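Please read the chain below with its structure beside it.

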Amino acid sequence: MKIFIYPPNSLILADLVERFGHEPLTLMSEVRKKVTSPSLDSPPMNMTPDDPKKGLKYAAIEIPSGVRGRMALMDPLIEQAEAAIIVEDAEYMFGCMGCARTNELLKFVVRKKGVPVLELQYPKNENEAKNFVLYVNEFLDKLTEKVAPKAEGSQ
């Protein structure tokens, strides 16, 4: 399954999701597409005419352009998400996003999408970290169990 992770640039969370057999939807993958696509020829912005439209889907024209731009970049991740893991109060090195308003909007949009969401607090000690990994594992296992019967029934 494709799992939206928040913070979306968390290498730690992306690695954890991948280790448990799912595809993490990360900001880095979207940025990579913007920088390596041969069809884009306006570095460093690498914007297409459709990008501003994607941002307007989530935020009105009066909203600062930085919020709309970040949401435009996140749009493919939101659209692909089949589930989500949201970590609150994460430390800077866990995965930082630059704009508090975008962060709140992003979490709101993902929750509103109606996909299964696991919300966790960032662990502050070793015991909490072990529980954190356990909760993520249990959540992803339950997702796998929900998908497996559908696949068996369709054959």
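A residue is called buried when its relative accessible area is under 20%, and exposed when that value is over 50%. The model discussed here is a predicted one. With the cut-off in hand, take E30: is this residue buried or exposed? Its relative accessible area is 6%, so E30 counts as buried. E30 sits in helix α2, which spans residues 27-36. Leaving aside residues up to four places away in sequence, E30 touches L73, P76, L77 and Q80.

Now step back to the chain. How many helices and strands does it have? There are six helices and four strands. Read from the N terminus, the order of elements is β-α-β-α-α-α-β-α-β-α. The chain has 155 residues, and 39% of them count as buried. Among contacts in the chain with a separation of 6 or more, 65% are between residues 24 or more positions apart. The accessible surface of the chain is about 9300 Å², and carbon and sulfur atoms account for 56% of that surface.

Helix α1, residues 11-19, shows how burial can be arranged around a helix. Its buried residues are L13, A14, L16 and V17. These residues lie on the same side of α1, because they cover an arc of only 160° around the axis. The face turned away from that buried side carries the exposed residues L11, E18 and R19. Just after α1 comes G21, which has a positive phi of about 85°.

The cores come next. In soluble globular proteins, nonpolar side chains tend to be buried together. In this model the largest nonpolar core has 19 residues. Which residues have the most contacts inside this core? They are F4, M71, M74, I78, L105 and L106. Two or more residues of the core come from each of β1 (2-6), α4 (65-80), β3 (83-88) and α5 (100-113). Helix α4 gives the most, with five residues.

Not counting residues up to four places away in sequence, M74 touches F4, P8, L27 and L106.

Technical notes: Residues numbered from 1 in each chain as written. Predicted model: local features only at pLDDT ≥ 70, side-chain atom pairs only at ≥ 80, totals over all residues. Heavy atoms only, no water. Core = buried A, V, L, I, M, F, W, Y, C linked by side-chain atoms within 4.5 Å. Buried < 20%, exposed > 50% of the residue type's maximum accessible area, 1.4 Å probe, protein only. Contact = heavy atoms within 4.5 Å. Areas by Shrake-Rupley, 256 points an atom, 1.4 Å probe, with all protein chains shown as cover. Arc of directions from axis to C-beta.
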